[in-house]
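Please prepare a briefing on the structure shown below.

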Amino acid sequence: MKSEKSHRLFEEALKLLPGGVNSPVRAMRAVGLEPLFFDRGAGSRLFDVDGNEYVDFVGSWGPLILGHCHEAVIEALEKSLRRGTSFGAPSPLEVELAAKVCQTVPSVEMVRMTNSGTEATMSALRVARGYTGRDKVIKFEGCYHGAVDSLLVQAGSGVATLSLPDSPGVTRRTSADTLLARYNDLDAVRAIMDGQGEQVAAIIVEPVAGNMGVVPPAAGFLEGLGELARSSGALLVFDEVMTGFRVAFGGAQQLFGMTPDMTCLGKIIGGGLPVGAFGGRREIMETVAPAGGTYQAGTLSGNPLAMAAGLATLIELEKPGVYGELEEKSAALAEGLKEAAAASGRVSLNRVGSMMTLFFTAGPVTDFDSARTSDVNRFTAYYKYMLGQGVYLPPSQFEAVFVSLAHTDEDLKRTAAAAAAFMESLGREG
Ligand code: KE4
């Protein structure tokens, strides 16, 4: 596989960008590779600057559920582009997309657009703290909510609660208000609430975890969080940046029949352009400036191009049969991967809808600790083999593979066949 042009670009980028990239995970360090530089995408395919072609299962980390350059998205962008790239003032498209989100996501009566998922979760927590007058927030080990200071924390001493900064620059005081629990462990949350419930402003959770690899909620876990939040006066915040419009048109909350107090969105609602959003009950959202006193702002929030691409994407997703088709494609890929891995026995697959992860561990993977029993060296060998076969997977064991409407049966069969060939080679190694 030629990579001279990517290599040269990376050499140049290393002088200009930290690590040569604008976001760490795409640096491909977890799999010991230099990042590929891409020239264009089309449908389910990506083409790098050296002319290599790949079946793309990253989909820009989730937004491209329609695939690359979908006609409806391109047309919407072309039409919007010629009317202006940004006004810094309201435009009709913001109202149209807000209406679509509020009509679709059960918990969202009002919504505020942002420019990233990070901004959305950061703002949602500020609103929750302002609304409840409380300081503490509960998050779960292995869940990622963007590069938010108070959420870049790791498990501190003990197991459940004390958290420590997970990045230089995050102060102990900042992390002190963040309490940690194990994902799918309601008892851990109950223990925190018994001791500090009256100080907790919010419980923030990925309703389907995607950032430790895909980990579904255990039966009763989300409902239990809802009860614990309600009984203590804390807000339940679903971070649906990844799952929103992904696992169902109304997101995980529609899939599981839940109504959290607030929801964070991103990725798909921008159709590949920079976007985020947070929303919830009207009485909560009316506290956001300028309606209320909790400040939140953004020069390019509600940008007409992002709104146009997001609206075009949601209009496509709303068409009859779309999620049935996504489910068929995703189930076919999952079955193919499971068959491929059956021989090795040291692999387990988690899937919810069109997001899935093949863990190189016997499993079951139900939280971050069990995810981390994965053999990351074996994952790396798998990753490199698949890349060589023209399959572009997320370059980390702890990420989600995304199936799009653009993936063809041939794409999926070819991917499963490549995985089977790799697994057989493992069997031969013993
Ligand atoms: P952004 O700020 O990257 O738009 O969104 C942050 C975020 C918030 N919440 C969830 C559940 C998320 O998955 C994310 C971002 N996801 C990662 C991939 N796991 C983005 C990839 C990257 O960081 O480059």
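**Briefing: sheets, domains and salt bridges**

V237 has M262 in β11 as its bridge partner. This is a predicted model, in which local features need pLDDT of at least 70 and side-chain atom pairs count only at pLDDT 80 or more, while totals for chains, interfaces and linings use all residues. Residues are numbered from 1 along each chain as its sequence is written, and side-chain values use heavy atoms, with hydrogens and water left out.

- Strand β10 (residues 235-239) pairs with strand β11 (residues 262-266) in the parallel sense over three bridges; two strands pair if DSSP finds at least two bridges between them.
- Helices (H or I, at least four residues) and strands (E, at least two) are DSSP runs, numbered from the N terminus.
- Strands of a sheet pair through backbone hydrogen bonds, either parallel or antiparallel.
- The order β4-β12-β11-β10-β9-β5-β8 describes an open sheet of seven strands with mixed pairing.
- At its edges stand β4 (110-114) and β8 (178-181), each of which pairs on one side only.
- From one strand to the next, the twist averages 20 degrees; axes are lines fitted to C-alpha atoms, for helices over the stretch in contact, and angles run from 0 to 180 degrees between N-to-C directions.
- Helix α3 (residues 92-104) packs on this sheet and touches β4 and β11, with its direction at about 130 degrees to that of β4; contact means heavy atoms within 4.5 Å.
- Helix α6 (residues 186-196) lies across β5 (136-140), β8 and β9 (200-205), and runs at about 145 degrees to β8.

- Five bridges join β13 to strand β14 (residues 355-359) in the antiparallel sense, and V352 stands opposite M355 in β14.

- In contact across the boundary are 30 residues of domain 1 and 32 residues of domain 2.
- Between them the domains bury about 2500 Å², 65% of it on carbon and sulfur atoms; buried area is the accessible area (1.4 Å probe) that two parts lose on being put together, summed over both.
- On the side of domain 1, Y323, V352 and M355 lose the most area to domain 2, together 25% of what that side buries.

**Salt bridges**

- The structure holds 16 salt bridges, each a side-chain nitrogen of Lys or Arg within 4 Å of a carboxyl oxygen of Asp or Glu.
- The side chains of D261 and R281 form a salt bridge (2.5 Å, N to O).
- D261 lies in the loop between α8 (251-255) and β11, and R281 in the loop between β12 (276-280) and α9 (282-285), so the pair ties together parts that are 20 residues apart in sequence.
- Between domain 1 and domain 2 the count is two salt bridges.
- R182 and D369 form a salt bridge in which the closest N and O atoms are 2.8 Å apart.
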